[in-house]
Amino acid sequence: MNKQDYRKVEKALYSYNLIKMAIKGQLEEIERLEKEYEGCSAIGYEERTGQTYKITSSVENEVLNKEKILKKLEKNIIANQKIITMIDNGMELLSSDEKKLVELKYFTREKLGWEQIGMRLGFSGDYCRTKLRDKIIDHMHYMLFENPYKQYSFDDFN
């Protein structure tokens, strides 16, 4: 695997919690938009009531814009959920030590060094940084980018 692929996998792992929070925020935004008053009201004095060739009104434009935003949010949620699912599926196949390494290095807010991670796992920091990490990255690369069953791309990690 080349360095660029290695970095893409690490970026996906580092982004895991951020992606989960993005999904939560997107779901909240959809809920807010669906509850929001659609703006349908009586004609305002600022609107023209005379003959015009304009086909749509401001209310129609608002509704159409809201629908576009909802569709974009739903599309983003689906893409983000696919990434999370693939990472979760990859994590299920890791050993307990490998899972712990991923959680300590990529999923926590603490910025732990390899020596600290090694101490927590009972290995040397060098072993964790080289052997374990390389094995995990290779495995996750397959799950994220080479899996023949995936039906989407990960252009966000380029």
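How are α1 and α4 oriented to each other, roughly parallel or roughly perpendicular? Let's work it out. This is a predicted model, so keep that in mind throughout. Helix α1 covers residues 3-14, and helix α4 covers residues 96-107. They pack at an angle of about 80 degrees. Angles from 65 to 115 degrees count as roughly perpendicular. Therefore α1 and α4 are roughly perpendicular to each other. Their axes are 9 Å apart.

Who makes that contact? From α1 come Glu-10, Leu-13 and Tyr-14. From α4 come Val-102, Lys-105, Tyr-106 and Phe-107. Sort the residues of this contact by class, and you get 5 nonpolar, 2 charged and no polar ones.

Next, α1 against α6. The angle here is about 85 degrees, and the axes are 9 Å apart. So α1 and α6 are also roughly perpendicular to each other. The α1 side of the contact includes Asp-5, Tyr-6, Lys-8 and Val-9. Glu-10, Ala-12 and Leu-13 of α1 take part too. On the α6 side, look for Arg-133, Asp-134, Ile-137 and Met-140. His-141, Leu-144 and Phe-145 of α6 are there as well. By class, the contact of α1 with α6 has 8 nonpolar, 1 polar and 5 charged residues.

Now, charges. Side chains of opposite charge can pair when their charged atoms come close. How many salt bridges are there? The count comes to 7.

Glu-10 forms a salt bridge with Arg-133, with the closest N and O atoms 3.4 Å apart. Arg-133 sits in helix α6, residues 125-146. Glu-10 has 13%, so Glu-10 is buried. Arg-133 has 16%, so Arg-133 is buried as well.

Glu-29 is partly exposed at 27% relative accessibility. Arg-32 is partly exposed at 41%.

Glu-110 lies in the loop between α4 and α5, and Arg-120 in helix α5, so the pair ties together parts that are 10 residues apart in sequence. Glu-110 counts as partly exposed at 43%. Arg-120 is partly exposed at 49%.

On to the core. The largest nonpolar core has 35 residues. Which of them touch the most other members? They are Leu-13, Ile-87, Leu-101, Val-102, Phe-107 and Ile-117. Helices α1, α2, α3, α4, α5 and α6 each give two or more residues to this core. Take Ile-117. Leaving out residues up to four places away in sequence, Ile-117 touches Leu-101, Leu-104, Lys-105, Leu-112 and Cys-128.

Where does Asn-80 lie? Asn-80 is in helix α3, residues 58-92. Its relative accessible area is 12%, so Asn-80 is buried. What does Asn-80 contact, neighbours within four places in sequence aside? The partners are Ile-19, Ala-22, Ile-23 and Gln-26.

Terms used
Residues are numbered from 1 along each chain as its sequence is written. This is a predicted model: local features need pLDDT of at least 70, side-chain atom pairs count only at pLDDT 80 or more; totals for chains, interfaces and linings use all residues. Side-chain values use heavy atoms; hydrogens and water are left out. Axes are lines fitted to C-alpha atoms, for helices over the stretch in contact, and angles run from 0 to 180 degrees between N-to-C directions. Helices (H or I, at least four residues) and strands (E, at least two) are DSSP runs, numbered from the N terminus. Angles under 35 degrees count as roughly parallel, over 145 as roughly antiparallel, 65 to 115 as roughly perpendicular and the rest as oblique. Contact means heavy atoms within 4.5 Å. Ala, Val, Leu, Ile, Met, Phe, Trp, Tyr, Cys and Pro count as nonpolar, Asp, Glu, Lys and Arg as charged, and the others, Gly among them, as polar. Buried means under 20% relative accessible area, exposed over 50%, partly exposed in between (1.4 Å probe, protein chains only). A salt bridge is a side-chain nitrogen of Lys or Arg within 4 Å of a carboxyl oxygen of Asp or Glu. A nonpolar core is a set of buried Ala, Val, Leu, Ile, Met, Phe, Trp, Tyr and Cys residues joined through side-chain atoms within 4.5 Å.
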